[in-house]
Amino acid sequence: MGIIVIIIIILIMMFGKWLGFLLLIPYLRFKNRRMKTIIRPVEASPAEENGKENGNVSATPAMKRVLRKVRRYMDGVVRYLDIQTGLIPSHHIRNFIYRNIFGVKLAERVVIYYGAEIRSHSGLEIGEGSIIGDKAILDARNGIILGRNVNISTGVQIWTEQHAHSDPWFRCMSDESFRVEIGDRVWVGPRVTILHSVRIGEGAVIAAGAVVTKDVEPYSIVAGMPAKKIGMRNSDLRYEFDGTHLPLY
């Protein structure tokens with residue numbers, strides 16, 4: 001009996017954090033539906049928030065404050081479990097969780113390597129045969145659409161959200177126009193940063209370390225900070241990735 005108890009304790013210690021998924025599934029489903037049906041409002045300024053609390057504007061009910069705090073904690077748990085999911089040494093398990101629990105729109109034969117981080121999973125769509133390199137950060141808060149056979153290399157960062165530097169309260173004032181779209185067979189080199197509102201055409205190549213701030217035409221090769229066209233790629237591309245990957249990684 002004592003051995004059984006010890007085994008149960010060990011299993012809870014090893015896998016207890018994954019039990020959080022049982023609580024997260026209803027929350028993620030609600031959050032994904034909410035993001036599809038409403039436009040995220042601009043956050044109120046500190047002065048507006050203080051005004052509400054001081055009675056200058058109708059006060060926010062206590063229950064709403066509690067729900068906001070609960071939501072922040074739940075969002076924190078989502079971020080934590082996303083990072084932990086990226087560290088699971090199994091492509092099949094990771095893809096199952098991304099697709100069926102987090103709500104990422106994954107086509108067949110997609111490879112997401114070890115240590116990737118995804119923000120706002122339901123806003124991410126990845127086409128068939130595409131590869132996401134290790135330690136990539138995909139910020140899909142305003143949407144990321146990747147085509148077929150896209151190769152995202154190690155350490156690539158794609159951002160669709162930012163603070164408004166000219167806003168007195170430093171708020172995020174983005175919308176759907178901040179979405180990033182990457183066409184079929186694009187090759188994004190290591191450590192590339194792609195900023196919001198960018199469209200990268202089919203077959204384009206982004207050289208290592210580049211910072212992409214503007215649209216990239218199909219089959220062009222761009223490099224630098226900010227990225228500029230330095231050449232053209234062969235437009236007769238025929239390769240297709242079949243989902244082959246390194247086990248455990």
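Predicted model: local features only at pLDDT ≥ 70, side-chain atom pairs only at ≥ 80, totals over all residues.
1. Where does Ile-118 sit in the fold? Its place is in strand E3, which covers residues 117-119. Setting aside neighbours within four places in sequence, Ile-118 is in contact with Asp-82, Tyr-98, Val-104, Leu-124 and Leu-138.

2. Along the sequence, Ile-137 and Ile-118 are 19 residues apart, while in space their C-alpha atoms are 6.0 Å apart.

3. One of the contacts of Ile-118, Asp-82, leads us to helix H4, where Asp-82 is buried together with Val-78, Leu-81, Gln-84, Thr-85 and Gly-86. An α-helix has 3.6 residues a turn, so residues three or four places apart point the same way.

4. How does the span of helix H4 agree with its 25 residues? H4 runs over residues 62-86, and at 1.5 Å a residue it should span 36 Å; the C-alpha atoms at its ends are 37 Å apart, so the two values agree.

5. Stepping back to the whole protein, you will find five helices and 17 strands. Of its 249 residues, 40% count as buried. The accessible surface comes to about 14500 Å², and carbon and sulfur atoms hold 62% of that.

6. Finally, a word on contacts across the chain: among those with a separation of 6 or more, 36% are between residues 24 or more positions apart.

Note on methods:
Residues numbered from 1 in each chain as written. Heavy atoms only, no water. Helix = DSSP H or I, 4+ residues; strand = E, 2+ residues; numbered from the N terminus. Contact = heavy atoms within 4.5 Å. Buried < 20%, exposed > 50% of the residue type's maximum accessible area, 1.4 Å probe, protein only. Areas by Shrake-Rupley, 256 points an atom, 1.4 Å probe, with all protein chains shown as cover. Expected span 1.5 Å × (residues − 1).
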